[in-house]
Amino acid sequence: MTHVEKELTSQPACWSRAAELAEAQRDAFPERGARVAVVGCGTSYFMAQAYAALREGSGQGETDAFAASEFPPNRRYDRVVALSRSGTTTEVLDLLARVRGGGGRTLAITADPNTPVMTAADRVVVLDFADERSVVQTRFATSALTLLRASLGLHTEAAVRDAETALSEPLPDGLVDANQFSFLGQGWTVGLANEGALKMREAALAWTESYPAMEYRHGPISISTTGTATWMLGAAPDGLAAQVRETGALWVAGGLDPLAELVRVQRLALAIADRRGLDPDNPRHLTRSVILTDG
C-alpha cells in the first residue's frame with residue numbers, strides 16, 4: 001500500500017480531530033467582520049479558495065484568496081491566513097515576512113512544528129496528526145479545510161460520516177475508463193473542483209480541467225463526449241446534468257458532503273495511477289515543498 005493510500009483512508013479520523021482543535025483554539029481564527037486574505041500554494045491555494053468563499057458566503061466578513069506569489073502588495077487586510085503543509089514554502093514565508101513587516105496580523109496552519117513558519121507567523125495552528133509522507137496532499141488539505149469550516153461553525157459530523165461512505169462505496173461504473181475529466185463547483189466548491197483536477201494531474205497524469213459550474217456551458221462543454229466524465233462537487237445548476245448527458249459524457253453527481261466528494265476524487269486518482277503503473281507517492285517533477293534559492 002502506498003503512503004498516499006494510507007493517508008487518504010485516515011481522513012475521517014483526522015477531520016474529527018481537526019474540528020476538536022478548532023474549538024480548542026477558537027481565539028486563533030479571524031474574528032467576525034474582519035477583512036481577511038487567505039493564501040497558499042498548489043493544493044493549499046485551492047483550500048484557501050474554498051475557505052474564503054465559505055467565510056464570506058456565511059456573512060462573516062470580506063475574504064479573498066490568493067496564490068502566495070500573487071498577493072497584491074498594496075492591499076491591506078485585518079488578518080492574513082497562510083496554509084502550508086511543510087512550513088517551508090518560499091512564497092508563503094516571504095509573504096508572511098512582508099505582511100508582518102507592514103504591521104499586519106498573521107495566522108499559519110501547518111503540519112510540521114519544526115519548520116520556519118512557526119516563527120514567521122504571529123499565531124500557528126499545527127495539524128501534526130495530518131502530516132503526510134507522500135508528495136501528493138490528501139489528508140492535510142482536507143483536515144485544514146475542516147479546521148477552518150469548524151472555526152466558522154460550518155462543520156458537522158455528517159461530513160465525517162460522508163467521508164467514511166466515500167471510502168467504502170465503489171467508484172461509479174466506467175469512471176476509471178474515462179479519458180478526460182472535468183470537475184465543477186459552485187461557491188466554495190469551486191476550490192474543491194480545482195483541487196480535484198490537480199490531484200488527478202499529480203497522481204495519475206490524467207487530462208483534467210475544472211470550472212465554476214455555470215461557466216461550463218460557456219465553451220468547456222465542447223470537449224464532453226463519449227469517454228469523458230464530468231463530476232459535480234455539490235449541487236448542480238438546473239439542467240446541467242441533462243445537458244452533459246446529451247453529449248454522451250458520463251455525469252457524476254456529488255451526493256455527499258462536497259469535501260467527502262473530494263475524497264472520492266482522490267480515490268479515483270489513485271485507481272488510475274495504479275492502472276497506469278505510476279507511483280503516486282512520488283509524482284514526476286514534484287517535491288513535497290517548493291523552496292527557491294537565488295541563481
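**Why these labels?**

Tutor: This predicted model holds zero disulfides.

Student: What makes a pair of cysteines a disulfide?

Tutor: A disulfide is a covalent bond between the sulfur atoms of two cysteines. The cut-off is sulfur atoms within 2.5 Å. The count in this structure is zero.

Student: Why is C14 called buried?

Tutor: Its relative accessibility is 6%. Buried means under 20%. So C14 counts as buried.

Student: Why is C41 called partly exposed?

Tutor: C41 has a relative accessible area of 23%. Partly exposed lies between buried, under 20%, and exposed, over 50%. Therefore C41 is partly exposed.

Student: C14 also belongs to a helix contact. How are the two helices, α2 and α6, packed?

Tutor: Two packed helices are described by the angle between their axes and the distance between the axes. For α2 (residues 11–24) and α6 (residues 139–151), the angle is about 35° and the axes are 8 Å apart. The crossing is right-handed. On the α2 side, the contact includes C14, W15 and L21. On the α6 side, R139, T146 and L147 are among the residues that take part.

Student: What kinds of residues make up the contact of α2 with α6?

Tutor: Eight are nonpolar, five polar and one charged.

Student: What makes the phi of L205 worth a look?

Tutor: Most residues other than glycine have a negative phi. Phi of L205 is near 55°, a positive value. L205 sits in the loop between α8 (189–204) and β7 (208–212).

Student: How do you know that L205 is partly exposed?

Tutor: The relative accessible area of L205 is 35%. That falls between 20% and 50%, so L205 is partly exposed.

Notes: Residues are numbered from 1 along each chain as its sequence is written. This is a predicted model: local features need pLDDT of at least 70, side-chain atom pairs count only at pLDDT 80 or more; totals for chains, interfaces and linings use all residues. Side-chain values use heavy atoms; hydrogens and water are left out. Axes are lines fitted to C-alpha atoms, for helices over the stretch in contact, and angles run from 0 to 180 degrees between N-to-C directions. Helices (H or I, at least four residues) and strands (E, at least two) are DSSP runs, numbered from the N terminus. A crossing is left-handed if the near helix is turned anticlockwise from the far one by less than a right angle, and right-handed if clockwise. Contact means heavy atoms within 4.5 Å. Ala, Val, Leu, Ile, Met, Phe, Trp, Tyr, Cys and Pro count as nonpolar, Asp, Glu, Lys and Arg as charged, and the others, Gly among them, as polar. Buried means under 20% relative accessible area, exposed over 50%, partly exposed in between (1.4 Å probe, protein chains only).
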